[in-house]
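Student: I have a new structure to look at. Can we go through it together?
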Amino acid sequence: LSAASLSAEFSGEFSPEPLSAAGAVKFTAGDAHDLGAIYPPLKSYALGGGAGGNIAFTYNKALELSGKVSLNGLSAKFAGRQLSGLKGAVELSKDRISAENLTGKLDGEDLKAGFSAKNYSSHPQVLLNLDLAALRLTALPPPGNSGKAEAPRKKAGAKPFAFDIEGKTRV
């Protein structure tokens with residue numbers, strides 16, 4: 001798989017009965033902007049910067065991940081915000097995803113962040129700590145449907161997704 005500055009290598013095994021899979025993914029994104037060429041809905045986020053990593057996976061009734069992803073100056077626009085220069089590493093293990101010492105800028109101001117998510121495949125327990133040089137709050141949109149399409153309806157019998165979140169923010 002390749003699109004301009006993106007490359008990925010997949011290897012593994014798949015068994016339909018009983019359903020199981022195991023393998024690895026190695027990827028690099030010299031410029032995350034190129035992800036929009038593969039998945040057009042990402043274009044609106046104006047992604048930039050680089051990333052790369054190695055992730056191993058297994059699936060046998062539950063997904064298990066392990067590996068590391070390195071972020072090198074990632075940027076994105078979302079919810080009227082601009083994230084830029086995000087650097088650091090994200091570690092993945094059987095029951096935890098974590099990142100310590102992420103650094104970058106949010107709306108041009110220094111940002112330091114760390115997070116962990118235990119039990120990420122069933123009921124995530126998220127710890128998020130942010131250290132922001134400044135936080136600019138914007139007005140909320142008026143209540144009601146602002147002309148946007150209705151949210152997709154849940155499938156009958158679908159299990160609700162729930163998570164717990166805690167942490168600290170320092171401005």
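Student: Is Arg81 buried or exposed?
Tutor: This is a predicted model, and in it Arg81 counts as buried, at 17% relative accessibility.

Student: Which residue does Arg81 form a salt bridge with?
Tutor: The partner is Asp107, and the closest N and O atoms are 2.9 Å apart. Asp107 is partly exposed, at 23% relative accessibility.

Student: How many salt bridges does the count come to?
Tutor: The count comes to 5. One of them joins the side chains of Lys68 and Glu91, at 4.0 Å from N to O.

Student: Where are Lys68 and Glu91 in the chain?
Tutor: Lys68 is in strand β5 (residues 63–78) and Glu91 is in strand β6 (residues 81–93), 23 residues apart. Lys68 is partly exposed at 40%, and Glu91 is partly exposed at 37%.

Student: Other topic. What is the count of buried residues in strand β10?
Tutor: It is 0 among the 7 residues of β10, which spans residues 164–170.

Student: In which sense do β9 and β10 pair?
Tutor: Strand β9 (residues 125–132) pairs with β10 in the parallel sense, over 7 bridges. Leu128 stands opposite Gly167 in β10.

Student: And which residue forms a salt bridge with Asp131?
Tutor: Arg170 does, with the closest N and O atoms 2.5 Å apart. Arg170 is exposed at 55%, while Asp131 is partly exposed at 24%.

Definitions and conventions
Residues numbered from 1 in each chain as written. Predicted model: local features only at pLDDT ≥ 70, side-chain atom pairs only at ≥ 80, totals over all residues. Heavy atoms only, no water. Buried < 20%, exposed > 50% of the residue type's maximum accessible area, 1.4 Å probe, protein only. Helix = DSSP H or I, 4+ residues; strand = E, 2+ residues; numbered from the N terminus. Pairing = 2+ DSSP bridges.
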